[in-house]
Amino acid sequence: MWKVYKYTLIDLARNKFVGGWLLLLLAITAGLFQLEDQPVKAMLSLSQVLLALVPLVSCIFAIVYLYDALEFTELLAVQPLHRSKILGGQLLALSTALALGALLGAGLPLLIFFPGGASLTLALACFMLTLVFTAIGALIAIKNREKARGVGLGLVIWFLFVLVYDAVLLWIMFAFSDYPIEPWIVPLAALDPIDLGRIMVLLKVDLAAMMGYSGAIYEKFFGNLRGILVAMAALAAWVAVPSAVAFKAFRKKDF
Amino acid sequence: MARVIFENTGKQYGAMWALRGLHARFEPGETVSVIGPNGSGKTTLIKCLLGLVHPSTGSIQVNGQPVNGDPAYRHQVGHMPQISRFPNELKIGQLIDLMDDIRSSGMDRAQGPLVKELGVDAMMDKRLGTLSGGQRQKVSAVLAFRYAPTVLVLDEPTAGLDPLSAELLLAAVRDIKRSGCTVLITSHLMEEVEALADRVAYLQEGRLQFLLSPEEITGATGLQRLSKAIPALLTRNAKAHVESV
């Protein structure tokens with residue numbers, strides 16, 4: 001696995017898109033802190049941009065890269081290697097390249113311009129969302145034979161998580177506010193990894209009060225270390241489950 | 001013992017059988033040309049042998065080892081695909097290093113069959129993304145022959161190669177065959193089939209129509225050229241089939 005990892009990472013390190021992604025994140029992060037007078041406002045805007053952009057780019061890049069590498073993956077698959085080692089190497093290299101891009105492009109300037117727990121949480125959320133959406137992208141690329149269909153599916157899934165699910169959750173909370181639905185809100189939020197990241201960051205910026213009813217529920221649950229650990233565990237499950245399904249599909253895949 | 005054994009091998013995609021009921025044994029040191037019209041199942045046969053496609057029925061053995069078991073059997077297999085694409089940003093030398101790593105080969109990257117002959121040694125620092133189709137085929141050929149395979153699978157190997165390189169490749173096929181390697185080669189060029197094949201496997205609609213030596217084919221039809229003898233044999237077999245029904 002490490003041989004495939006090493007050479008895939010060498011290829012990714014020279015990939016213009018990966019370098020461009022790092023520079024774009026750097027420009028957005030530094031630019032927002034330069035433009036805003038109040039760092040907390042810049043932080044808030046930045047969290048909205050990053051928590052939408054990082055999943056989108058991770059998912060679509062993973063899909064496109066794995067489709068473009070299909071013939072090379074075939075070449076590896078006819079070598080004396082277990083298929084799990086091929087996918088393991090490729091997935092790990094993609095996650096490393098994209099996560100490094102997110103941490104160096106957004107995490108590092110965040111900690112320089114706005115040092116503290118909120119920046120650290122946002123960097124951590126970006127890191128975890130990179131892993132989650134790279135795994136989802138890999139699963140999509142393995143399960144679909146056509147590139148255009150794969151990319152389209154990636155966009156639909158991203159749109160569902162970034163906007164649709166959040167809107168549905170808000171509607172449920174307001175529509176059933178007269179009922180004791182509090183115990184259900186946190187598990188329902190955990191079904192959307194982007195929502196999880198968003199909640200973790202907003203609570204650290206001390207803006208939970210602005211989130212009204214839902215903010216109070218989230219603060220009660222996520223406002224302590226146990227809550228953060230549960231959120232991280234939920235995000236880790238979001239990495240593990242699509243990865244496990246992708247490995248199973250890759251073992252059975254006909255090239 | 002036969003080097004490659006297909007036992008009732010079949011592959012179904014949805015309702016369509018790309019390959020069905022294939023029984024065949026390929027011996028050490030023989031070259032078998034797999035031919036047939038487009039969509040006849042040639043690529044599926046090759047992919048089943050390489051473990052790229054999982055057969056729906058039957059089994060395949062290489063050197064006595066089942067294909068869908070331990071991938072270690074692939075230490076003995078070389079493959080040159082019809083179309084090769086490699087990671088754009090890697091250099092040729094790095095790709096060879098990766099394959100040497102996987103195969104645990106301590107060979108110098110500039111050594112080995114066809115490296116110098118095809119001029120690959122002079123291109124080691126070239127990025128794979130900048131190569132032409134023919135240059136990619138040369139890299140592919142070098143990798144296929146590099147690890148002394150006992151089974152070599154070549155899919156349209158000379159397509160895209162210049163005439164001199166194609167001739168060098170065919171000479172390498174003859175050499176490796178003499179060392180006892182079993183070579184499976186798909187080609188649409190009858191000159192290649194005539195020049196290399198010890199036996200010809202003809203596939204149509206996923207079924208093996210015949211597996212005969214060139215002498216048996218020409219002898220059965222009275223025609224000297226395979227390009228004429230094969231259609232004549234197929235027509236005769238089809239007529240015989242209709243009459244028997």
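**Strands, helices and a contact between chains**

Guide: A place to begin is chain B, where S4(B) and strand S5 (residues 65–66) pair antiparallel over two bridges. This is a predicted model.

Visitor: Which residue of S5(B) is the bridge partner of B:Gln61?
Guide: B:Pro66 is the partner of B:Gln61.

Visitor: And how many residues are between the strands in that hairpin?
Guide: Two residues lie between S4(B) and S5(B), and in this hairpin B:Asn63 takes a positive phi near 50 degrees.

Visitor: How many bridges join S4(B) to S1(B)?
Guide: Five bridges join S4(B), residues 57–62, to S1(B), and these two strands run antiparallel. B:Phe6 has B:Ile60 in S4(B) as its bridge partner.

Visitor: What about confidence? Which element of chain B has the lowest mean pLDDT?
Guide: Helix H7 of chain B, residues 226–244, has the lowest mean at 80, while strand S1(B), residues 4–13, has the highest at 96. Chain B as a whole averages a pLDDT of 91, with 99% of its residues scoring at least 70. For the model, ipTM is 0.86 and pTM is 0.88.

Visitor: Over to chain A. At what angle do H5(A) and H6(A) pack?
Guide: The angle is about 160 degrees, and the axes are 9 Å apart. H5(A) covers residues 83–113 and H6(A) covers residues 117–143.

Visitor: How many of the contact residues are nonpolar, polar or charged?
Guide: The contact of H5(A) with H6(A) has 17 nonpolar residues, five polar and no charged.

Visitor: Last topic. How many residues of chain A are in contact with chain B?
Guide: On the chain A side there are 19, in contact with 24 residues of chain B.

Visitor: Which elements of chain A give two or more residues to that side?
Guide: Helix H1 (2–13) and helix H4 (70–77) of chain A do.

Visitor: And by class?
Guide: The side of chain A that touches chain B has nine nonpolar, three polar and seven charged residues. The contact of H5(A) with H6(A), by comparison, has no charged residues.

Key: Residues numbered from 1 in each chain as written. Chains lettered and ligands numbered in written order. Predicted model: local features only at pLDDT ≥ 70, side-chain atom pairs only at ≥ 80, totals over all residues. Axes fitted to C-alpha atoms, helices over the stretch in contact; angles between N-to-C directions. Helix = DSSP H or I, 4+ residues; strand = E, 2+ residues; numbered from the N terminus. Nonpolar A, V, L, I, M, F, W, Y, C, P; charged D, E, K, R; others polar. pLDDT = per-residue confidence, 0-100. Pairing = 2+ DSSP bridges. Contact = placed C-beta atoms within 7 Å.
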